[in-house]
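This report describes the pockets of one protein model. Please keep the sequence and the structure in view while reading.

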Amino acid sequence: MSSKIIALLLLLSSSSLAHSQGIKTKIRQGNRLYKERNFSEAETAYRKALLLDSLSGKANFGVSAAAYELGRYKEAASYLERALRDPRISTKEAAATLHNLGNVAMKDKKYEEAIRLYEESLITHPESGDT
């Protein structure tokens, strides 16, 4: 009986590892495509990562960045807000997300909101050079 439990645990852990690596692969693919300025294909890669982990802050951030570059600012803001809900993101990633929300607010001419978001970004990660 105990050998069956061990075999089941090994199967589950290897499945979880493959799942995790699949997400990372899709995010890396999206990052590469984004750097190549192929925003539509990058968005597709990030969305595939979201199919594996809908809470992924990195994948949500990626979709938002691609949507922003494609001029879909409200959609970008929606995915940035989702990215902030992921407890796994670092303070540096949270600061970048807040900064990008500030950029979206600027596009919408919501200047006071943009300033508030930029300030929050700096408070979250003071070493951030972009803000």
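## The largest pocket

Nineteen is the size of the lining here: 19 residues line the largest pocket, and Phe61, Ala96, His99, Asn100 and Asp130 lie nearest its centre. The model is a predicted one. The volume of the largest pocket is about 370 Å³.

## Elements and classes in its lining

Two helices, α3 (57-69) and α5 (91-107), each supply at least two residues of the lining of the largest pocket. The largest share of this lining, seven residues, belongs to α5. Sorted by class, the lining of the largest pocket holds seven nonpolar, eight polar and four charged residues.

## The second largest pocket

A volume of about 290 Å³ is found for the second largest pocket. It is lined by 15 residues, and those closest to its centre are Asn31, Lys58, Phe61, Gly62 and Glu93.

Which elements give two or more residues to the lining of the second largest pocket? They are α1 (2-35), α3 and α5. The greatest contribution to this lining is made by α3, with five residues, whereas in the largest pocket the largest share comes from α5. By class, the lining of the second largest pocket divides into eight nonpolar, four polar and three charged residues.

Notes. Residues numbered from 1 in each chain as written. Predicted model: local features only at pLDDT ≥ 70, side-chain atom pairs only at ≥ 80, totals over all residues. Heavy atoms only, no water. 1 Å grid on protein atoms, 1.4 Å probe; cavity = no way out; pocket = protein on both sides within 12 Å on 5 of 7 lines; lining within 4 Å. Points joined across faces, edges and corners; volume = space filled by probe spheres on them. Helix = DSSP H or I, 4+ residues; strand = E, 2+ residues; numbered from the N terminus. Nonpolar A, V, L, I, M, F, W, Y, C, P; charged D, E, K, R; others polar.
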